[in-house]
Amino acid sequence: SWVPLLSQETHSYSTGFLLSLFPMVGLLLILDFLNAFTWLRAYPNLTTVLQGIGVLMVVTGGVWAAFQQNLTRLFGYAVIIESGFALLAISLRNQPGLEVFSAALLPRAVGLGLWAMALTLLRQHVPPDFEGIGGILRRFPLISLAVTVSSLSIVGMPLLAGFPMRLVLLEQLGQRSLTLVLWCLLGSAGLLVSNLRALAAMARSDSQNWSVEENWQQMAFLGGGILIVILIGILPRWFLPDIMNILLAFQRLP
């Protein structure tokens, strides 16, 4: 519960950095413990525990996100869902699962980073709740597009950065339990519903006039981030194989 509160009360840049780095370090520490201790790898209920925690994070994060009215809190729930999917990848305890975990680090960092940057710029002009963002699509089109693209990437929408690894993960989970996949889809659907509500709020306006109020530096950074998210989704083999070399540090894992 502290993650959405932190994202709402603190600066979005700081929150984005912390919530991108802290869970990633924690997950890598889990892999390090599994790599170092044979008794832990041999624990018979390890897979069940990891899957249970991962599904709980995905489902609760998605359900709570579906009823959110604030973009900064929604960002926090997205971090919870992403961390849950990472735990599910580790719980597979096979080579495809580890590859999904490592390859997803880049889309996760890019998506959350772009979202945090867009929220920071947005909060300089309007409150980040659904009432405050009404009509900003006509005033800040690139900020609105960055929020939408990055959040949909976290959901795992096709042609965006989060889609390739999310698809592989669901396929691997489906080989073990269809129930797990259905729960994961429920959590993702909750986040998707909230993102679509946010997009509808941003597009809602009584004015018919369009203006671009971002400066050229903001447009360059936001446009570059959006482009990278799309390129990773379309051409994952250009970006993801190199980051999987992180698995070389965990030679004892499957």
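Let's start at helix α1, which spans residues 2–9 and has Val3, Pro4 and Ser7 buried. These residues sit on the same side of α1, because they cover an arc of only 95 degrees around the axis. What do the buried residues of α1 pack against? Their partners are α2 (12–36), α5 (71–91) and α7 (105–123). Keep in mind as you look around that this is a predicted model.

Now turn to the aromatic rings. A pair of such rings is described by how far apart the centres lie and by the angle of the planes. Searching the whole structure gives 4 aromatic pairs. One of them joins Phe37 and Trp39 in a tilted arrangement, with 6.0 Å centre to centre and 45 degrees between the planes. Phe37 is partly exposed, at a relative accessible area of 33%, while Trp39 counts as exposed at 63% relative accessibility. Ring pairs also bring in Phe33, so that Phe33, Phe37 and Trp39 are linked into a cluster.

Another tilted pair is made by Trp64 and Tyr77, with 6.0 Å centre to centre and 55 degrees between the planes. Trp64 belongs to helix α4 (residues 46–66) and Tyr77 to helix α5, so this pair ties together parts that are 13 residues apart in sequence. Is Tyr77 buried or exposed? Tyr77 is buried, because its relative accessibility is 6% and buried means under 20%. Trp64, at 45% relative accessibility, counts as partly exposed.

Terms used
Residues are numbered from 1 along each chain as its sequence is written. This is a predicted model: local features need pLDDT of at least 70, side-chain atom pairs count only at pLDDT 80 or more; totals for chains, interfaces and linings use all residues. Side-chain values use heavy atoms; hydrogens and water are left out. Buried means under 20% relative accessible area, exposed over 50%, partly exposed in between (1.4 Å probe, protein chains only). Helices (H or I, at least four residues) and strands (E, at least two) are DSSP runs, numbered from the N terminus. The arc is that of the directions from the helix axis to the C-beta atoms. Contact means heavy atoms within 4.5 Å. Rings of Phe, Tyr and Trp (its six-membered ring) pair if their centres lie within 6.5 Å; planes under 30 degrees apart count as stacked, over 60 as edge-to-face and the rest as tilted.
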